[in-house]
Amino acid sequence: MEQTHILIETTVNDLRCMGDPKRAVHSQRFFKTGPGQYGEGDEFLGISVPDIRAYEKAHRPWSVEVLTLLLQQPYHEVRLLALIGMTELYKRTRSGAERVAILSAYLGHTAMVNNWDLVDTSAPGIVGEYVHAHPEEGNALLDHLAASSSLWEQRIAMVANWRLIRYGEYEPTLRLAEKLLFHPHDLMHKAVGWMLREMGNKREDLLLAFLDIHAAAMPRTALRYAIEKLSPAQRTYFMAQGKSRK
């Protein structure tokens with residue numbers, strides 16, 4: 001246990017030394033950390049994502065225990081390091097028990113996965129992979145997260161579909177997009193539209209069928225994201241459907 005705490009302290013101190021105060025100030029604005037904003041109160045060190053990824057790779061292997069403790073740290077970049085580490089560990093291990101331990105640690109600390117970059121880095125490679133391997137339990141988990149009062153758990157549910165789309169599994173995307181389509185937060189509108197767009201890259205017919213039903217009523221941000229890769233004529237048509245609701 002003492003060695004674990006020394007490793008945590010060393011890692012946090014290393015990242016502090018890597019930080020750039022000017023970059024930290026910019027990040028605090030970019031990730032909306034002001035009063036009343038979605039990232040309110042988060043603390044940044046000012047480290048680029050490539051540098052965090054390089055540090056994570058250079059200091060492998062990580063244990064689930066250490067990564068879980070890092071995920072509880074106050075600095076955004078330390079939590080990002082933990083989530084990159086969890087995602088990589090989940091991908092590299094063949095142990096079902098270790099994968100369950102990683103998933104449990106992740107789901108037990110979703111309050112610390114509290115910005116869109118943290119969600120998007122981790123949800124596909126952890127939750128998405130779990131759903132692919134365990135569809136019955138996994139889809140129940142997606143529905144549970146989508147029904148949460150937490151914006152971040154809801155985004156985890158939606159963005160996890162990025163991995164499922166890669167596997168050619170589209171039903172969860174359609175199901176959750178319908179559930180979350182009229183979410184009050186713009187970050188969810190973006191997530192829903194993004195996943196619909198990614199699905200449409202593989203199965204345009206499914207996207208068009210969804211838009212035929214929902215385009216006239218869906219939030220404008222979600223619609224813009226969803227149609228981004230369609231032809232100019234298709235984009236014009238569906239945007240006109242969106243305008244017609246006014």
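This is a predicted model: local features need pLDDT of at least 70, side-chain atom pairs count only at pLDDT 80 or more; totals for chains, interfaces and linings use all residues.
Local features need pLDDT of at least 70 and side-chain atom pairs count only at pLDDT 80 or more, while totals for chains, interfaces and linings use all residues. Numbering runs from 1 along each chain as its sequence is written, and side-chain values use heavy atoms, with hydrogens and water left out.

Start with H5 (residues 76–92) and H7 (residues 116–133), which pack at about 20° with their axes 9 Å apart. Helices here are DSSP runs (H or I, at least four residues) numbered from the N terminus; axes are lines fitted to C-alpha atoms over the stretch in contact, and angles run from 0 to 180 degrees between N-to-C directions. H5 and H7 are therefore roughly parallel (angles under 35 degrees). On the H5 side, the contact (heavy atoms within 4.5 Å) includes His76, Arg79 and Thr87, and on the H7 side Asp117, Thr121 and Gly125.

The largest pocket holds about 320 Å³. A pocket is an open set of points on a 1 Å grid over the protein atoms alone, where a 1.4 Å probe fits, with protein on both sides within 12 Å along at least five of seven lines; lining residues have an atom within 4 Å of a point. Its volume is the space filled by probe spheres set on the points, which are joined across faces, edges and corners.

Note on methods: Helices (H or I, at least four residues) and strands (E, at least two) are DSSP runs, numbered from the N terminus. Angles under 35 degrees count as roughly parallel, over 145 as roughly antiparallel, 65 to 115 as roughly perpendicular and the rest as oblique.
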